[in-house]
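Please look over the sequence and the model shown below before reading on.

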Amino acid sequence: ETMTSLNVSSPESMREWIDDQVKKGGYGTASEFVREVIREAQKNKARQDLEAKLLEGINSGPATEMTKGDWDRRKERARSRKRTAR
């Protein structure tokens, strides 16, 4: 992937913290550390989006209960598949 530059201004205290994280975390440069932080933020956002979709599905209303006819049709489809698999 092609790399591009992005200049970011930060307070001195934040830069010192980043430099400390680079040393402690085994990163070669502040850029490597910042890329890792961004990747983690992307993963967290994707996880939040997935959780929101799952909750939307859960909260979309009650599921209808299976009737005896529903179960009978499922059983027949399973039996039919078993017969054709032989």
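The largest pocket of this predicted model holds about 720 Å³ of space. A pocket here is an open set of points on a 1 Å grid over the protein atoms alone, with protein on both sides within 12 Å along at least five of seven lines, and its lining residues have an atom within 4 Å of a point. Its volume is the space filled by probe spheres set on the points, which are joined across faces, edges and corners.

Because the model is predicted, local features need pLDDT of at least 70 and side-chain atom pairs count only at pLDDT 80 or more, whereas totals for chains, interfaces and linings use all residues. Residues are numbered from 1 along each chain as its sequence is written, and side-chain values use heavy atoms, with hydrogens and water left out.

**The lining of the largest pocket**

- The largest pocket is lined by 20 residues, and those that lie nearest its centre are Leu6, Ser31, Val34, Arg35 and Ile38.
- By class, the lining has 10 nonpolar, 6 polar and 4 charged residues, where Ala, Val, Leu, Ile, Met, Phe, Trp, Tyr, Cys and Pro count as nonpolar, Asp, Glu, Lys and Arg as charged, and the others, Gly among them, as polar.
- Helix H1 (12-25) and helix H2 each supply at least two residues of this lining, and H2 gives the most to it, with 8 residues.

**Overall form**

- The protein has 3 helices and 0 strands, and read along the sequence it follows the pattern α-α-α; helices (H or I, at least four residues) and strands (E, at least two) are DSSP runs, numbered from the N terminus.
- The radius of gyration of the protein is 27 Å, while a compact globule of 86 residues would have one near 12 Å; this radius is taken over C-alpha atoms, and the globule rule is 2.2 Å times the number of residues to the power 0.38.
- Taken along the principal axes, the C-alpha atoms fill a box of roughly 70 × 35 × 25 Å.
- Buried residues make up 5% of the 86 residues, where buried means under 20% relative accessible area, exposed over 50%, and partly exposed in between (1.4 Å probe, protein chains only).
- The protein exposes about 8100 Å², of which carbon and sulfur atoms supply 53%; accessible areas come from the Shrake-Rupley method with a 1.4 Å probe, and for residues only the protein chains shown count as cover.

**Aromatic rings**

- The structure holds 2 aromatic pairs, and rings of Phe, Tyr and Trp (its six-membered ring) pair if their centres lie within 6.5 Å, with planes under 30 degrees apart counted as stacked, over 60 as edge-to-face and the rest as tilted.
- Trp17 and Phe33 form an edge-to-face pair, with 5.8 Å centre to centre and 70° between the planes.
- Because Trp17 lies in helix H1 and Phe33 in helix H2, this pair ties together parts that are 16 residues apart in sequence.
- Phe33 is buried, with a relative accessible area of 9%, whereas Trp17 counts as partly exposed at 47% relative accessibility.
- Tyr27 and Phe33 also form an edge-to-face pair, with 5.3 Å centre to centre and 75° between the planes.
- Tyr27 counts as partly exposed at 26% relative accessibility, and Trp17, Tyr27 and Phe33 form one aromatic cluster.

**Single residues and their distances**

- Ile38 is found in helix H2 and counts as partly exposed at 43% relative accessibility; Ile38 and Thr4 are 34 residues apart in sequence and 14 Å apart in space, C-alpha to C-alpha.
- Met3 has its place in the segment before H1 and is exposed, with a relative accessible area of 57%; Met3 and Ser31 are 28 residues apart in sequence and 11 Å apart in space, C-alpha to C-alpha.
- Ala63 sits in the loop between helix H2 (30-58) and helix H3 (68-85) and counts as exposed at 70% relative accessibility; Ala63 and Val22 are 41 residues apart in sequence and 50 Å apart in space, C-alpha to C-alpha.
- Ala78 has its place in helix H3 and is partly exposed, with a relative accessible area of 38%; Ala78 and Arg39 are 39 residues apart in sequence and 45 Å apart in space, C-alpha to C-alpha.

Terms used. On a 1 Å grid over the protein atoms alone, a cavity is a set of points where a 1.4 Å probe fits but cannot get out, and a pocket is an open set with protein on both sides within 12 Å along at least five of seven lines; lining residues have an atom within 4 Å of a point.
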